[in-house]
Amino acid sequence: MKVPDIKSIPPGEKGRQVVQRDKKAIATSTKTCELVAERARGSLVWDVDGNIYIDFTSGIGVVNTGHCHPTVVKAVGDQLNKLMHFAGTDFYYDIQVTLAERLSKITPGDFDKKVFYTNSGTESVEAAIKVAKWSSERSRFIAFTGAFHGRTMGSLALTASKTTHQERFFSTMPGVDHVPYAYCYRCPYKLEYPGCGVYCADAIQEQYLDKFIPSSDVAALFYESIQGEGGYIVPPPEFAKKISEICKRNGILLVDDEVQAGFGRTGKMFGIDHFGVVPDMICIAKGMGSGVPVGAIVFDAKLDFGVQGAHSNTYGGNLLACAAVGATLDVIESENLLSRAQKLGDHLRKRLDEMKESNPIMGDNRGYGLMQATEFIKGDGSKTPAPKVAGFIVQESFKNGLVLLPCGVSAVRFIPPLTIEEENLDAGLDVLQEVIERAGKIS
Ligand SMILES: Cc1ncc(COP(=O)(O)O)c(C=O)c1O
């Protein structure tokens, strides 16, 4: 089979009709390109006009095990025929407890943990906010500039990657202060690593906690081990340890949002595993269910509400979701997807670095495992961000059969399923290379 296989420039006739109807019927959200997906398998997606694409998005970091992995499909199918829903927050399911025990084992930290199940990333963050407030009896939070934690009113207050997320929604949850993240390519303090001594972490104490945010009021610091929507920003190795120490010193909970980096994407189960730090709470969603909507927080059992009704929901830990997560973990283990993500990630980086040598519009290649991105810049040596170039690369790649998503101001992310075949990874990179070369000529 030829992949990618673009018979005519997409969207074709059927696709165009769906796009038009969508524009009338569906609320405006974040559409990136006019791909009308009909079915998918592994790393390949078929559109309604029969075009075949290579997927470097995994449905926004969700289908880490590949589209419709047979083990996940079977587990969900088997559960579908037994019991779909009985409200696990009000009654009891064995499968939910078994999965919680498993999640407690795979998350960092050798202490008793508890799990609260949700249905999405933003709901996980909302639940983490509530656990932090409840257990600390404090109501202020610290988050990072460039962070993305979701779009509901609590998580949105923590999000700080694009003004468009906030515009017209003020006021969100009060009490959130943002501090600069360790974005070394464009250091917010105009310093250089390693000479800077990772001052951005020290500044949290020196410029914020010692000056105007009383630590005794702060419930938690929310943090992404690798910033996702904000541009796939990888902090230096010391950053996580330093912020963890600041949290401990000040009695502030460290909440690690692994919604995008989690479940093997970076070559370890969680992004934070690269940095040897144990958070008090971890937020997960996306990749855990291989496409079935699900999320969770896993936290130190000492932080639990302990009273009925402080927090709950209807669908959290839905049976189909639990079956999908269990099967996802089985696949990650049985197919050694962590080491596969590392190995393929090394190959991906090697090819991106080779492309960078002859393409000055590629400013920075970064990431771990199969969570990588390139930040595009003007090719005049000025390091000026080039959002139009990033947009061109996403659109032109799509027309040539490679599905991509942007992130940050001018970055494009590369997050294929961890199961992608080496030849499909290379075929996708061939498309990317040709498009980048064209972008360089017209920019
Ligand atoms: C790190 C992080 N947290 C939270 C969210 C919100 O997840 P959802 O879109 O499932 O609400 C996202 C989504 O991209 C994310 O990347």
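Trainee: Hi! How many helices and strands are there in the chain?
Mentor: Welcome! The chain holds 13 helices and 15 strands. Keep in mind that this is a predicted model.

Trainee: What radius of gyration does the chain have, and what would a compact globule have?
Mentor: The chain has 22 Å, and a compact globule of 443 residues would have a radius of gyration near 22 Å, so the two agree. Along the principal axes, the C-alpha trace spans about 60 × 60 × 45 Å.

Trainee: And what percentage of the residues is buried?
Mentor: Buried residues are 51% of the 443 in the chain. As for contacts with a separation of 6 or more, 74% of them join residues 24 or more positions apart.

Trainee: Let's switch to the ligand. How many residues surround the ligand, and which are the closest?
Mentor: There are 14 residues around the ligand, and the closest are Ser120, Gly121, Thr122, Val259 and Gln260.

Trainee: Which helix gives the largest share of that shell?
Mentor: That is helix H5, residues 121-136, which supplies three residues of the shell.

Trainee: How does the shell divide into nonpolar, polar and charged?
Mentor: Seven of the shell residues are polar, four are nonpolar and three are charged.

Trainee: New topic, helix H13. What should its 21 residues span?
Mentor: At 1.5 Å a residue, helix H13 (residues 422-442) should span 30 Å, and its end C-alpha atoms are 31 Å apart, which agrees.

Trainee: Which residues of H13 are buried?
Mentor: The buried ones in H13 are Asn424, Leu425, Gly428, Leu429, Val431, Leu432, Val435, Ile436 and Ala439. They cover an arc of only 160° around the axis, so they are on the same side of H13.

Trainee: Which residues are exposed on the other side of H13?
Mentor: Glu422, Glu423 and Lys441 are exposed there.

Trainee: And what do the buried residues of H13 pack against?
Mentor: Their partners are strand S3 (52-55), helix H11 (337-358), strand S11 (362-368), helix H12 (387-399) and strand S13 (402-403).

Trainee: Now H4. Which of its residues are buried?
Mentor: In H4, the buried residues are Gln96, Leu99 and Leu103. Their arc around the axis is only 65°, which puts them on the same side of H4. Asp94, Thr98, Glu101 and Lys105 are exposed on the other side of H4.

Trainee: How far does H4 reach from its first C-alpha to its last?
Mentor: Helix H4 (residues 94-106) reaches 19 Å with its 13 residues, close to the 18 Å expected at 1.5 Å a residue.

Trainee: What do the buried residues of H4 pack against?
Mentor: They pack against strand S4 (113-118), strand S10 (295-300) and H10.

Trainee: Which residue with a positive phi follows H10?
Mentor: That is Asn336, with a phi near 45°.

Technical notes. Residues numbered from 1 in each chain as written. Predicted model: local features only at pLDDT ≥ 70, side-chain atom pairs only at ≥ 80, totals over all residues. Helix = DSSP H or I, 4+ residues; strand = E, 2+ residues; numbered from the N terminus. Rg over C-alpha atoms; globule rule 2.2 N^0.38 Å. Buried ≥ 20, exposed ≤ 12 C-beta atoms within 10 Å, placed from the backbone. Contact = placed C-beta atoms within 7 Å. Near = placed C-beta within 6 Å. Nonpolar A, V, L, I, M, F, W, Y, C, P; charged D, E, K, R; others polar. Expected span 1.5 Å × (residues − 1). Arc of directions from axis to C-beta.
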